[in-house]
Amino acid sequence: MIGEHVLAGYVPDAGGREALDLALGIVALTGGRLSVATVHPPDLPAAAGEARAALDQLADQLDDQPADLLVQEGRSVGRGLTVLASRIGADLIVVGSPEGGARGRIGVGAAADHLLHSATEAVMLAPSGYAPPDEPSRITVMYVRRPQCEEAVIRAAQAAERLEVPLRLVTLAVGDVAGDPLRDDLALAIRLALDSADLLPEEVSAELAEGDDVADALDDVDWTEGELLVCASSEDAAAHRVFLGEIALKVLRAAPCPVTVLPRGYY
């Protein structure tokens, strides 16, 4: 299960605080280790000092949660977080949405864009204005019948068992796509989930999200408070790297909850 060592990318704004809150919620569930990092440009001592000062102000937000506070040099925030995550052995990088985006939706800034196309660790993004609930309510997997998504189903089923929450599998049917073959695929995915974890049949569900476009399809299904959404990387991703395809990126932008993207070959 991911979250054994969570790295939160922090900047002193609303998105940074929301990323940290989400990371705190994850380690509270997993009992994992937390690292919080601020990235600054290279060869700028003043920037390094400002980064350290920003981290030193986090005592109240950490609320006695032990955390490693790290300053990382990097030519970009995304690159710096990737290098640091590899060095410290983090298995999940959490970032927030830029300020000014639609509340309740994920905005993809420069750092997130880099991570979503090159990270070797799982990446989780917090929607703008996100406040974590006390407990998760459900894990949802965006499913298409291909190996990367089957890996995501296995991981999500195991996480749902550990967190004692239900698992839902959702497939998009956008436009005039025939639904029956997709429902057949979902039935097979349900069997895979049940075979991969100690979940009861009533704890695993599947839905076909239908609409004229991705956002319309996602509005076709319900989303609970405390939902966590899992997406697999594209089949174009290099082994053990994140690469989000065009449809998955649209899902991420339209989702009303945190989204985790798994590297290809994560299982």
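In the predicted model, Arg183 is placed in helix H7. With a relative accessible area of 42%, Arg183 is partly exposed, since this value falls between the limits of 20% for buried and 50% for exposed residues. When residues up to four places away in sequence are not counted, Arg183 touches Leu208 and Glu210.

The helix that carries Arg183 also takes part in a helix pair: helix H6, spanning residues 147-163, packs with helix H7, spanning residues 179-196, at an angle of about 45°, and their axes lie 8 Å apart. H6 is therefore oblique to H7, and the crossing in which H6 passes H7 is right-handed. On the H6 side the contact is formed by Glu150, Val153, Ile154, Ala157 and Gln158, which meet Ala189, Leu192, Ala193 and Ser196 of H7; the residues of this contact comprise six nonpolar, two polar and one charged.

The largest nonpolar core contains 47 residues, of which Leu34, Ile139 and Leu167 touch the most other members, and the largest share of this core, eight residues, is contributed by H6. Apart from this core lies another, of 39 residues, which includes Ala90, Leu125, Leu172 and Ala254. In soluble globular proteins, nonpolar side chains tend to be buried together.

For Leu34, again not counting residues up to four places away in sequence, the residues touched are Val6, Leu20, Ala23, Leu24, Val27, Leu62, Gln65, Pro66, Ala67 and Asp68. Leu34 and Arg183 are 149 residues apart along the chain, and a distance of 39 Å separates their C-alpha atoms.

Technical notes
Residues numbered from 1 in each chain as written. Predicted model: local features only at pLDDT ≥ 70, side-chain atom pairs only at ≥ 80, totals over all residues. Heavy atoms only, no water. Axes fitted to C-alpha atoms, helices over the stretch in contact; angles between N-to-C directions. Helix = DSSP H or I, 4+ residues; strand = E, 2+ residues; numbered from the N terminus. Parallel < 35°, antiparallel > 145°, perpendicular 65-115°, else oblique. Left-handed = near helix turned anticlockwise from the far one by under 90°. Contact = heavy atoms within 4.5 Å. Nonpolar A, V, L, I, M, F, W, Y, C, P; charged D, E, K, R; others polar. Core = buried A, V, L, I, M, F, W, Y, C linked by side-chain atoms within 4.5 Å. Buried < 20%, exposed > 50% of the residue type's maximum accessible area, 1.4 Å probe, protein only.
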